[in-house]
Amino acid sequence: MAPSPATPGTQPPQAHEEAQREFALTLSGFTARDKPEYADYARCVHCGLCLNHCPTYRLWGREADSPRGRIRQMALVDQGRLELGDAFVTHIDRCLDCRACETACPSGVEYGKLVELARAQIEQKYRRPFASRVARNFVYRRLLPYPKRIAAAARWARLYQTTGLAALARGSGILRLLGLHDRERLIPKIDRDFFFGELGKTFPAQGTRRARVAFFAGCVAQVSFSELNRATIRVLQANGCDVVVPAGQVCCGALAAHAGVRDVARSLARTNIDAFRDGDFDAIVTNAAGCGSTLKEYADLFQAGESLPEPKRPPRAPVSSGEDDARQFSSRVRDVTEFLADLGLSSPFKPIPLRVTYQDSCHLLHGQRVREAPRKLIRAVPGVELVEMQHADQCCGSAGVYNVTETKTSLELLEQKMDCARETMAQAIVTANPGCMLQLRAGAVIHRTDQQVLHVIELLDRALTTTR
Ligand code: SF4
Ligand code: SF4
């Protein structure tokens, strides 16, 4: 028989609340740590205004794969009325965590927070198939927290891409046989010259100094978007910014947090908070919307007033951190487009005659509510014509590792996206997140749209009259 909660009045209110909470947990399908909280999911009033903004609901028209349906399932598991089993995991896994529902919601439901906590519960309480457990353990716990391992893995991947092995694998049909044909097309191209060598350096402003910023370089971006990182530094320098690249920084933890691996995300957050603690920076700047969104929400990883225990396997020994430190850190984080639009461009630009369309990155638009800044920067380049595509605010299907874990759905969304991009007759698709760039580049090849894919910063960098 389930224990009953202590009677009110027989103990102080605080102890009573604690007893209520413990009683609720005896029924709940969730554990106490990192769970979707009643106060958060109860804000959903079931109005359904989010449904048509949800890519998976638009694809399949099923309530269980809509934001409202997923929130309902979280509530039912929390109340012990639905098993945290295969069906729940499937519907939560199929969510892109694109947060379009959050923008649409009039009740202020923080859906991104809820789905990440639901995934944290799945991580704690559900036994995934063996292959999935091995892959997740390798990627989230053994690889991403360690820059040297990322570099080593990237060297192998580059060998595969540059020695003809990739062509051989494609040509022989082995990838198709293993069911890896589609996934292989979405693997990032590995750079020859990694960005890790720039860590610890300072790049001085050109002309009058207007700001001093710290640059957040990312993890996979340091082996596959090194040139984008260098372009970001050039554009910031050309606009009067000293750019410091702190040496101790690691992966932001976004992929781990999105997957529910929150102990790793917390450990990475602590390391980054310490790495960016010193230095009189006006802002911590990132060119990756996915990273920026997580960096701005570090405090959500920690409980109020929490003093954190040492992690089992820290990537670096952290000094200290907690919710307050996280808030302080996050208050300085800016997406590079947001930062430059606020600062105002001061660098002279040469004309670039180009018709472009802009694809909103979900974690910039829905995660950070930044819509106008990238458009403002694009319009600032002389000769560039910006044409809006339909449904620019809908996910391209990249969504972190979604294109690898849910490849079929991801490619369906990509096809819709490329149809919209093609309709604009733009020569280039511009976006603000490396993950989206990879997906859109694959889309341009698969659907033969003959369109370049650029980051907003790459467009600005091309237009600079100085440097290089
Ligand atoms: S719009 Fe908000 S309140 Fe309405 S169903 Fe969706 S999540 Fe719930
Ligand atoms: S995050 Fe995106 S995919 Fe998930 S429920 Fe919200 S709108 Fe749908």
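Two packed helices are described by the angle between their axes and the distance between the axes. Here, helix α4 covers residues 67–78 and helix α5 covers residues 86–93; they pack at an angle of about 145 degrees, and their axes are 10 Å apart. The crossing of α4 and α5 is left-handed.

## The protein at a glance

Stepping back, the secondary structure of the protein comes to 25 helices and nine strands. Of its 468 residues, 54% are buried. How many of the contacts between residues at least 6 apart in sequence join residues at least 24 apart? The share is 77%.

## How confident is the prediction?

The average pLDDT of the protein is 89, and 86% of the residues score at least 70. Over residues 309–315, however, the pLDDT is below 50, and this stretch has 13 contacts in the model beyond near neighbours in sequence.

Residues 1–10 also keep a pLDDT under 50, and for them the model has 10 contacts beyond four places in sequence. Where pLDDT is low, the predicted coordinates should not be read in detail.

Strands of a sheet pair through backbone hydrogen bonds, either parallel or antiparallel. One sheet to look for is open and has five strands in the order β1-β3-β2-β4-β5, with mixed pairing. Its edge strands are β1 (202–203) and β5 (333–335), each of which pairs on one side only.

Inside this sheet, strand β2 (residues 211–216) and strand β3 (residues 241–244) run parallel and are joined by four bridges. To find one of the pairings, look at Ala-211, whose bridge partner in β3 is Cys-241. Helix α17 (residues 289–296) lies across β2, β4 (283–286) and β5, and runs at about 155 degrees to β5.

## The four-stranded sheet

A second open sheet has four strands in the order β7-β6-β8-β9, and its pairing is parallel. Why is one side of β7 and of β9 left without a neighbour in the sheet? β7 (384–386) and β9 (452–455) stand at the edges and each has a single partner strand, so one side of each has no neighbour there. From one strand to the next, the twist averages 35 degrees.

You can walk across this sheet bridge by bridge. Strand β6 (residues 354–358) pairs with β7 in the parallel sense over three bridges, and Leu-354 stands opposite Val-384 in β7. Three bridges also join β6 to β8, again running parallel; here the bridge partner of Val-356 in β8 is Ala-428. Next, β8 and β9 pair in the parallel sense over four bridges, with Leu-454 in β9 as the bridge partner of Val-430.

## Around strand β8

In a regular strand the side chains alternate between the two faces of the sheet. Strand β8 is covered on both faces: Ala-428 and Val-430 on one side and Ile-429 and Thr-431 on the other are all buried.

## Two residues with positive phi

Arg-99 has a phi near 70 degrees, a positive value in a residue other than glycine. You will find Arg-99 in the loop between α5 and α6 (100–104). Met-425 is not a glycine either, yet its phi is positive at about 55 degrees. Met-425 sits in the loop between α23 (407–423) and β8.

Met-425 has a relative accessible area of 65%, so it counts as exposed.

Conventions:
Residues numbered from 1 in each chain as written. Chains lettered and ligands numbered in written order. Predicted model: local features only at pLDDT ≥ 70, side-chain atom pairs only at ≥ 80, totals over all residues. Heavy atoms only, no water. Pairing = 2+ DSSP bridges. Contact = heavy atoms within 4.5 Å. Axes fitted to C-alpha atoms, helices over the stretch in contact; angles between N-to-C directions. pLDDT = per-residue confidence, 0-100. Left-handed = near helix turned anticlockwise from the far one by under 90°. Buried < 20%, exposed > 50% of the residue type's maximum accessible area, 1.4 Å probe, protein only.
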